[in-house]
Amino acid sequence: MVQAITPVILCGGSGTRLWPLSRRSYPKQFVPMVGDGSLFQQSAQRCHGTGYNAPVVVTNSDFRFIVTQQLASEGIDPGAILIEPDARNTAPALLAAALVVAKGNPDGLMLAAPSDHYIEQTDVFRQTVARGAEAAAQGRIVTFGIAPDRPETGYGYLELGEMADDAPVHPLTRFVEKPDEARATEMLAAGNFMWNSGIFLYSAKTLIEAFEAHQPEMLVHVRKAVDEAQADLGFLRLAPEPWGDAEEISIDYAIMEKVDNLSVVIHDGDWSDLGGWEAVRQHGNADENGLATSGPVTAVECSNTLLRSESDAQQLVGLGLDNIVAIAMPDAVLVADRSRVPDVGKVVKTLRAENVVQADTFPKDHRPWGFFETLTLGERFQVKRIVVNPGAALSLQSHVHRAEHWIVVSGTARVTIDDEVKLITENQSVFIPLGAVHRMENPGKVPMELIEVQTGSYLGEDDIIRYEDVYSRGQGAKG
């Protein structure tokens, strides 16, 4: 019997092709995009339960608490959560995970799984993985090819060698870069080209040996980053100096295109990397006219169109639209011809060049203790909605430039103001003078919600003098 598999979930990316819903501060893997839960939660659930160990997650410091919160809401207890000091692409990330697993079991099987793919048929996917487990246990690196159903130009391909159709694994002839439409059509007709899913199965020892052979310098740096890693609130922070010396490169270019022990298992089920809004429309239960909607939307005589509104207070109306994508967020709206949605990344670059805050910042700001969102902002005032998770607490802090007034909407808040500590409940309020040392906690068992009114000469999130923080954040950190 093949041993249990350890999933490795990579979720440090910050894609722009699904703007404005996906942004650098809260990218697509954490957003409920299609189906139940976020793409990250779906990835974790696919590899949870019988036959699988607790997942190893590789992320960055900004997303570490989002990761734990989303896993906890799914009832999944993670194994190691590795914190990258900076993004170095997939090769260093997967190597670090293999080194961590190898310390306990060098022969342990590992499934490298991006956190932003959409696979509806979980059982079919697990069966696909199981077909490659024996080969991986014998020292092969197994990748998973997706049987194509159209001449797709947005994916790389795998060219398979000859083998019996009922064989569990197939030899790989070569990787093929993203083709033009004519070449994609030829490969679809040939029948031996699969889409490259970017999902791999291998033992920890096998991957480390591949780095020894093809990326020995990277192995030295990443091994040192793992050996010198520091435990921090249940996370494992990789050492920044050796990590920064590792080359920034994908696992495909660093290892997979160089090894001679790579095999392919064909996945016949559904799969999408949800690389853009057209993919979301295709998986969004479009009707017979090609219309897909999400949220408070009214569509009249629309076809081949995606309409999506992300605010209950904002009704999106489409009238007589064809081949249009319209995404309405509380702070930004995208309206594009379907043929131009691959260029959304260029739009984000333009917004960044113009210093538009919506390019990267999500309207709901997630923190270790919960989240807040700005309801209105003026020159010398700001009104926020704040939600604090049960048992969570903001840091003990003060502000140089602003005073605050808190009104509890639901739940109970334990409030510290200088030397006074008191409980305030629904419909009660409290004033925090400028310069007062204060803290907000939720001692209850349900989320606590309040409205915060800030007044002052400067209202930036960096106006914080932090005295104590249960999340070990330093001076100037937000929240």
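Trainee: Where is the place of Pro20?
Mentor: Pro20 sits in the loop between strand 1 (5-10) and helix 1. Helices (H or I, at least four residues) and strands (E, at least two) are DSSP runs, numbered from the N terminus. Please note that this is a predicted model, in which local features need pLDDT of at least 70, side-chain atom pairs count only at pLDDT 80 or more, and totals for chains, interfaces and linings use all residues. Residues are numbered from 1 along each chain as its sequence is written, and side-chain values use heavy atoms, with hydrogens and water left out.

Trainee: Is the peptide bond from Trp19 to Pro20 cis or trans?
Mentor: The bond from Trp19 to Pro20 is cis, with omega near 10°. Most peptide bonds are trans, and most residues other than glycine have a negative phi.

Trainee: On phi, then: what is the value for Asn323?
Mentor: Asn323 has a positive phi of about 60°, although it is not a glycine. Asn323 is located in the loop between strand 15 (316-319) and strand 16 (324-328).

Trainee: How does Asn323 count in terms of accessibility?
Mentor: Asn323 counts as partly exposed because its relative accessibility is 27%. Buried means under 20% relative accessible area, exposed means over 50%, and partly exposed lies in between (1.4 Å probe, protein chains only).

Trainee: And what about phi of Asp418?
Mentor: Asp418, a residue other than glycine, has a positive phi near 55°. Asp418 belongs to the loop between strand 23 (412-417) and strand 24 (420-425). With a relative accessible area of 46%, Asp418 is partly exposed.

Trainee: Changing topic, at what angle do helix 1 and helix 2 pack?
Mentor: Helix 1 (residues 39-46) and helix 2 (residues 64-73) pack at about 55°, and their axes are 10 Å apart. Axes are lines fitted to C-alpha atoms, for helices over the stretch in contact, and angles run from 0 to 180 degrees between N-to-C directions. Helix 1 and helix 2 are therefore oblique to each other; angles under 35 degrees count as roughly parallel, over 145 as roughly antiparallel, 65 to 115 as roughly perpendicular and the rest as oblique.

Trainee: Which residues make that contact?
Mentor: Helix 1 contributes Phe40, Gln41 and Ala44, while helix 2 contributes Val67, Gln70, Leu71 and Ser73. Contact means heavy atoms within 4.5 Å.

Trainee: Finally, where does Gly244 lie, and what is in contact with it?
Mentor: Gly244 is in helix 8 (residues 240-245). Leaving aside neighbours within four places in sequence, Gly244 is in contact with Asp86 and Arg88. Gly244 and Arg88 are 156 residues apart in sequence, yet 7.9 Å apart in space, C-alpha to C-alpha.
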